[in-house]
Amino acid sequence: MVTVNGEQKELAGSLVSEIIAHYGYNRETIAVEVNGDIVPKSLYDTFAVSDGDNVIIVGFVGGG
Amino acid sequence: MVSEAEIEAVINARFSEPVYKTLKGASVGVAGLGGLGSHIAVALARCGIGRLVIADFDTVELTNINRQFYNLSHMGRRKTDVMKEEISKINPYVCVEVSDCVICESNAGAVFKSCDVVIEAFDKPESKAELVNALLSQTQTTVVASSGMAGFYDGNEIVTKKISNRFYLCGDGKHGIENGTGLTAPRVMICAGHCALAAVRIMLTK
């Protein structure tokens, strides 16, 4: 099991890019952390999450 | 001219010398000087943050005046220049360093490398994500980012969340400008207050 934004999901072994697609995020407007560390965008297609990982996807909306 | 000791005495009287010294020794970056960043920079200067690194590539336009710190007399001038001047009128002993350029992943680390905290106050969601990713992966600074402060929605929806040890997020997380909703002075100032306060609290709890 992997925790994604607080919810338990059967996504262990998935790539970060697959999780992003699963939730429908635009990879250009997000930041992804796994266990408190940022995952650079260049690693989205190769970084696989493991059982027990805590994934946080922060999506940004415009305005500032 | 008011002396630095007089300003120090006033801040000390309301808080304490350790608080004053911590904030005086702090370096905070503000990326973007629009509705959020202009108010954030002023709030940080009033708190006595010793060094501000402020960045923007833009000039003041009439369309900014409904919500940004600027006034009509500033139109046409660089935002970085105006903010430096306005901050000097509030506290001339704040060290203000300006970067009048577009901040992107290739220069963000260099511009803000000496900052304890950097506040992301950009407009476009792609720019926000790019800066947050760059700072968290290239530097050791703590990042306060913003998302969701448009419209006249309930101000109590705007919150500060700690995402991880070096990453805080201020806003309601949902009300953006994408669907044509505009930014309004009171709500963008609420979010600016959250961002500035988060930076101060990070410095005081380090």
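A nonpolar core here is a set of buried Ala, Val, Leu, Ile, Met, Phe, Trp, Tyr and Cys residues joined through side-chain atoms within 4.5 Å, where buried means under 20% relative accessible area (1.4 Å probe, protein chains only). This is a predicted model, with local features needing pLDDT of at least 70 and side-chain atom pairs counting only at pLDDT 80 or more, while totals for chains, interfaces and linings use all residues. Residues are numbered from 1 along each chain as its sequence is written, chains are lettered from A in the order in which they are written, and side-chain values use heavy atoms, leaving out hydrogens and water.

Let's start inside. The largest nonpolar core has 41 residues, and B:Ile40, B:Leu44, B:Leu52 and B:Val144 touch the most other members. Helix α7(B) is the top contributor, with 10 residues. Beyond its neighbours within four places in sequence, B:Leu44 has contacts (heavy atoms within 4.5 Å) that include B:Val28, B:Ile119 and B:Val200. A second, separate core of 25 residues includes A:Ala31 and A:Ile38 as well as B:Val111 and B:Phe112.

Now for the sheet. Chain B has an open one of 7 strands, ordered β3-β2-β1-β4-β5-β7-β6 with mixed pairing; strands (E, at least two residues) and helices (H or I, at least four) are DSSP runs numbered from the N terminus, and two strands pair if DSSP finds at least two bridges between them. β3 and β6 of chain B sit at the edges with a single partner strand each, so one side of each lacks a neighbour in the sheet. β6(B) and β7(B) pair in the antiparallel sense over 5 bridges, and B:Lys162 has B:Tyr168 as its bridge partner in β7(B).

How values were computed: Buried means under 20% relative accessible area, exposed over 50%, partly exposed in between (1.4 Å probe, protein chains only).
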